[in-house]
Amino acid sequence: MLYTGLNSLRKGRTLRCVLDTPCPEGTGETFASNVEGEIALVPAGRTIMAQGEVRVTVRLECARCLAFHDTELQITVERECSLEQIDDPEAYSESGDDLPPIPILSGDEIDLSELVRQLVIISLPPRSLCRPDCRGLCPQCGADLNEGPCKCEAEEVDPRLAPLKALLEDR
Ligand SMILES: [Zn+2]
Ligand SMILES: [Zn+2]
C-alpha cells in the first residue's frame, strides 16, 4: 500500500489514495476480497488526518455453528496519522488518552498498510453469525442443527419442565 506524494503532503496539499489491494497481514483473518475505496490524507498542522471510506470482505467463522461465511466490512476512515516510519517503535508511543496517531511512512513513500490493518481490526464484529437464525451445533453430539434435528433432541427435556416430568412419572 505504497503511494508517492510525500512532498506535496509536506507542502500542505491533500493527497488522495485509491485502494484496491489485498488486506495487509497481521489482522489474523482471511479475506475474500481486496481492500477497496479511497482515503484522503489531509495535512492538519503537525499531523495528517486520514478520511474516507473503504470496504473489504472478510471470511469469518459463525459463532454458533462454526461455518465460514463472508461478511463485508464498510469502514469509515477518520483517523489521525503521523509522518513517522511504520517500522519505528517510537512512532507508536502512547500520547495521553487519545488513540496515538498511526505512522504512514516507509522510507520516503506513503504506506497505508498500518492504518488499514488497524481500521480492519477495530471493525471486525466481536461475534458473527452465518445467518440471523442460525440454530448452531447440538451441545451434546455436535450435529449441525441447521441440517435438521439430531437424535438427542427427542430425549432432551427443557430443564424448566423437568420437575413436571418427574411428577408425572411418579403417578
Ligand atoms: Zn451458523
Ligand atoms: Zn445432538
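**The largest nonpolar core**

Guide: Of the 31 residues that make up the largest nonpolar core, L19, I39, L41, I110 and L112 touch the most other members. Such a core is a set of buried Ala, Val, Leu, Ile, Met, Phe, Trp, Tyr and Cys residues joined through side-chain atoms within 4.5 Å; buried means under 20% relative accessible area, exposed over 50%, and partly exposed in between, with a 1.4 Å probe and protein chains only. At least two residues of this core come from each of α1 (6-10), β2 (15-21), β4 (35-44), β5 (47-61), β6 (68-85), β7 (102-106) and α2. Among these, β5 gives the largest share, six residues. Helices (H or I, at least four residues) and strands (E, at least two) are DSSP runs, numbered from the N terminus.

The model is predicted: local features need pLDDT of at least 70, side-chain atom pairs count only at pLDDT 80 or more, and totals for chains, interfaces and linings use all residues. Residues are numbered from 1 along each chain as its sequence is written, chains are lettered from A and ligands numbered from 1 in the order in which they are written, and side-chain values use heavy atoms, with hydrogens and water left out.

Not counting residues up to four places away in sequence, L112 touches M1, Y3, C17, L19, I39, L41 and I104, where contact means heavy atoms within 4.5 Å.

Helix α2 covers residues 113-123 and includes I121. I121 counts as partly exposed because its relative accessibility is 36%. Apart from its neighbours within four places in sequence, I121 is in contact with G26 and T27. I121 and T27 lie 94 residues apart in sequence, yet their C-alpha atoms are 6.0 Å apart in space.
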